[in-house]
Amino acid sequence: MKKWLSNTSIQSKVNFALLTVLIIIMLVSMLFTVRSERAMVEATQLQNIKDTTDSYLDTLNIMMLTGTLAQFRETHREKVLSQPGITEAKVLRSQPVIDVFGPSPKIDEPSDELDRRALAGEAIEEIRNTPNGRVLTVLRPVFSETNYRGTDCTSCHFNAPEGEQLGAIRLSYSLKALDERINLNLLQLAGIQALLFIAGLVLISLVIFRLIVKPLRYLRRAIQQAEKESDLSVQVHTTRTNDEIGVLS
């Protein structure tokens with residue numbers, strides 16, 4: 001590296017330094033953009049899933065009050081799953097609900113540690129990496145309340161006093177499409193930045209050549225002429241600036 005620096009022109013050294021700085025700036029900018037866009041997407045979709053969870057529970061609540069839960073429960077699940085990105089919709093039952101209404105349908109039975117934690121009263125928001133991309137999963141525990149948005153839960157769940165857990169709602173959302181969009185935006189950003197950096201590098205190279213390299217070449221030729229002809233009266237008439245190189249000339 002030291003030998004390369006000593007045998008390389010000033011313009012090449014400056015271009016190399018500029019290129020290094022620009023590449024670092026581009027990489028840092030792209031990394032920051034990816035993280036900020038992912039954070040924004042995750043926060044937005046998390047709120048959307050929470051809202052969908054509340055809506056899911058409200059609809060189930062209305063079905064319970066009207067006595068149509070058994071008839072339309074699966075239809076409602078299918079409608080929730082038909083929404084873009086939704087990959088999973090489950091209604092987990094706690095033991096007090098099972099004691100009165102019987103066990104859950106097989107599709108709603110606890111299947112992993114997340115389900116068991118939710119049935120223990122834990123609210124869960126988790127993003128997992130799967131073979132089909134990242135998946136956002138939200139589990140909301142449901143508790144018996146005498147006034148849940150104007151509804152008395154204890155009127156149906158008479159064996160579950162206020163504050164006792166009735167179950168949990170689980171929804172999962174695939175972030176694959178959004179992640180692919182972010183990656184596409186990243187490629188577009190990288191392309192635009194690369195074009196701007198190349199244009200900037202060319203412009204700076206031209207400025208360096210005109211203001212530094214070219215005057216130094218004139219100065220070198222004058223010195224070589226003075227040495228060759230042993231004439232110390234040789235002057236550099238091509239350099240007319242008053243900067244450091246002009247003064248030296």
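**Close-up views of a predicted model**

**View 1. Glycine 67 and helix 2.** Glycine 67, which comes just after helix 2, has a positive phi of about 75°. The model is predicted, with local features needing pLDDT of at least 70 and side-chain atom pairs counting only at pLDDT 80 or more, while totals for chains, interfaces and linings use all residues. Residues are numbered from 1 along each chain as its sequence is written, and side-chain values use heavy atoms, with hydrogens and water left out. Helices (H or I, at least four residues) and strands (E, at least two) are DSSP runs numbered from the N terminus. Helix 2 has 57 residues and should span 84 Å at 1.5 Å a residue, which agrees with the 84 Å between its end C-alpha atoms. The expected span is 1.5 Å times one less than the number of residues in the helix.

**View 2. The buried face of helix 3.** Helix 3 (residues 69-81) has 13 residues, and its first and last C-alpha atoms are 17 Å apart, close to the expected 18 Å. Arg73, His76, Arg77 and Val80 of this helix are buried. Seen down the axis of helix 3, the buried residues fall within an arc of 105°, so they line one face. The arc is that of the directions from the helix axis to the C-beta atoms. Buried means under 20% relative accessible area, exposed over 50%, and partly exposed in between (1.4 Å probe, protein chains only). The buried residues of helix 3 pack against helix 2 (10-66), strand 1 (86-93) and strand 4 (165-174), where contact means heavy atoms within 4.5 Å. Gln71, Glu78 and Lys79 are exposed on the other side of helix 3.

View 3. Glutamate 74 and arginine 77 form a salt bridge at 3.0 Å, N to O. A salt bridge is a side-chain nitrogen of Lys or Arg within 4 Å of a carboxyl oxygen of Asp or Glu. Both residues lie in helix 3, three residues apart, about one turn of the helix. Glutamate 74 is partly exposed, with a relative accessible area of 34%, whereas arginine 77 is buried at 2%.

**View 4. Glutamate 42 and arginine 134.** Among the 13 salt bridges of the structure is the pair of glutamate 42 and arginine 134, with the closest N and O atoms 2.6 Å apart. The pair links distant parts of the chain, 92 residues apart: glutamate 42 is in helix 2 and arginine 134 in strand 3 (residues 133-143). Glutamate 42 is partly exposed at 25% relative accessible area, and arginine 134 is buried at 10%.

View 5. The closest N and O atoms in the salt bridge between aspartate 115 and arginine 170 are 2.6 Å apart. Aspartate 115 belongs to helix 5 (residues 113-119) and arginine 170 to strand 4, so the pair ties together parts that are 55 residues apart in sequence. Aspartate 115 and arginine 170 are buried. A network of salt bridges links Glu88, Lys90, Asp112, Asp115 and Arg170.

**View 6. A nonpolar surface patch.** Ile10, Leu203, Val207, Leu211 and Ile212 make a nonpolar surface patch of about 420 Å². Patches are made of residues with over 30% relative accessible area and no salt bridge, with like charges joined within 9 Å and nonpolar side chains (Val, Leu, Ile, Met, Phe, Trp, Tyr) within 5 Å. Helix 6 (residues 176-229) gives the most to the patch, with four residues. Isoleucine 212 is in helix 6 and counts as partly exposed at 31% relative accessibility.

Note on methods:
Areas by Shrake-Rupley, 256 points an atom, 1.4 Å probe, with all protein chains shown as cover.
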